[in-house]
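Hi,

Here is the structure I promised to pass on. Have a look at it first, and then read on for what turned up.

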Amino acid sequence: MSCICLGPKRSGKTHLLKALQEPDSIDETSYSMPTIGTGIYRIHFPTKSPNSDKPKPPPADGSTQAHHHGGKKHLPKSIQILEIGGSMAPLWRQYFEDVKKLIYVVDTSNLCQISAAGVLFYSILTEPRLQKVKILLVLAKMDYSYRQMRNEALLMLQMSKLQKQIRQQVTIVEASAVTKVGLDPIYEWLQWP
Ligand SMILES: Nc1nc2c(ncn2[C@@H]2O[C@H](COP(=O)(O)OP(=O)(O)OP(=O)(O)O)[C@@H](O)[C@H]2O)c(=O)[nH]1
């Protein structure tokens, strides 16, 4: 799978992917079972009609191919993402072959586990097979977190130090599966090659 989603147990991966797949399927009462093993999600990118700012629903045919129109290259309409459960962390590396994009989800509302999340993140960034991979760091559950938590989370992940040492391009997005904050930049990141 060319796009994988990793992160510690209960960090919010399943919730986020479900929200990206079907925004209305998640609210503050939703619960996701721990992922034992892996899960596959097909995410359709919202499209904007020329006369409206409202995203249009995904195409019924589920088509995914990039195509050319009037000489202009169009972006893909959907992407498939493999989520690997946090309980599978010791086995994550079995899934690192042929990965082009990697989403790493951290629970920003739980600073107690963030150092452990950082250690796992570092092991991903130093993995030889992932040196050319584009990385999206999602600071999840932002609806639970107060404003300053973003900076505290990045500090505890030692991001400024890490970014000087690593070769990958890391994009950071604050998101919430409940309020849908951050979903648009994630769609954009996923859609662009
Ligand atoms: N308030 C809030 N709660 C969230 C959000 N995302 C996840 N949660 C809560 O956190 C729980 C765990 O989220 P999951 O998405 O299952 O976590 P996961 O990373 O897939 O966990 P594993 O399957 O163990 O790897 C959910 O059941 C929700 O209760 C969010 O954006 N906001």
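A term to start with: a nonpolar core here means a set of buried Ala, Val, Leu, Ile, Met, Phe, Trp, Tyr and Cys residues joined through C-beta atoms within 7 Å. Please keep in mind that this is a predicted model.

The largest such core has 36 residues, and those with the most contacts inside it are L16, Y104, V105, V106, V138 and L139. At least two of its residues come from each of β1 (3–6), α1, β7 (78–84), β8 (101–107), α2 (114–125), β9 (134–140), α3 (149–156) and α5 (183–191). In general, nonpolar side chains tend to be buried together in soluble globular proteins.

V105 is worth a click: beyond its neighbours within four places in sequence, V105 contacts C5, G7, S11, G12, K13, L16, V138 and A140.

Zooming out, the protein has five helices and 10 strands. Of its 193 residues, 27% are buried. Among contacts with a separation of 6 or more, 77% join residues 24 or more positions apart.

Now to the ligand. The shell around the ligand holds 23 residues, with G12, T14, S32, T35 and G86 the closest. Helix α1 (residues 13–21) gives the largest share of that shell, three residues. Sorted by class, the shell has 11 polar, seven nonpolar and five charged residues.

Last, Q165 sits in helix α4 (residues 159–165). Is Q165 buried or exposed? Q165 counts as exposed because it has 10 C-beta neighbours inside 10 Å. Its C-alpha atom is 13 Å from that of S123, 42 residues away along the chain.

Best wishes

Notes: Residues are numbered from 1 along each chain as its sequence is written. This is a predicted model: local features need pLDDT of at least 70, side-chain atom pairs count only at pLDDT 80 or more; totals for chains, interfaces and linings use all residues. Helices (H or I, at least four residues) and strands (E, at least two) are DSSP runs, numbered from the N terminus. A residue is buried if 20 or more other C-beta atoms lie within 10 Å of its own, exposed if 12 or fewer, and partly exposed in between; C-beta atoms are placed from the backbone. Two residues are in contact if their C-beta atoms, placed from the backbone, lie within 7 Å. A residue is near a molecule or strand if its C-beta atom, placed from the backbone, lies within 6 Å of it. Ala, Val, Leu, Ile, Met, Phe, Trp, Tyr, Cys and Pro count as nonpolar, Asp, Glu, Lys and Arg as charged, and the others, Gly among them, as polar.
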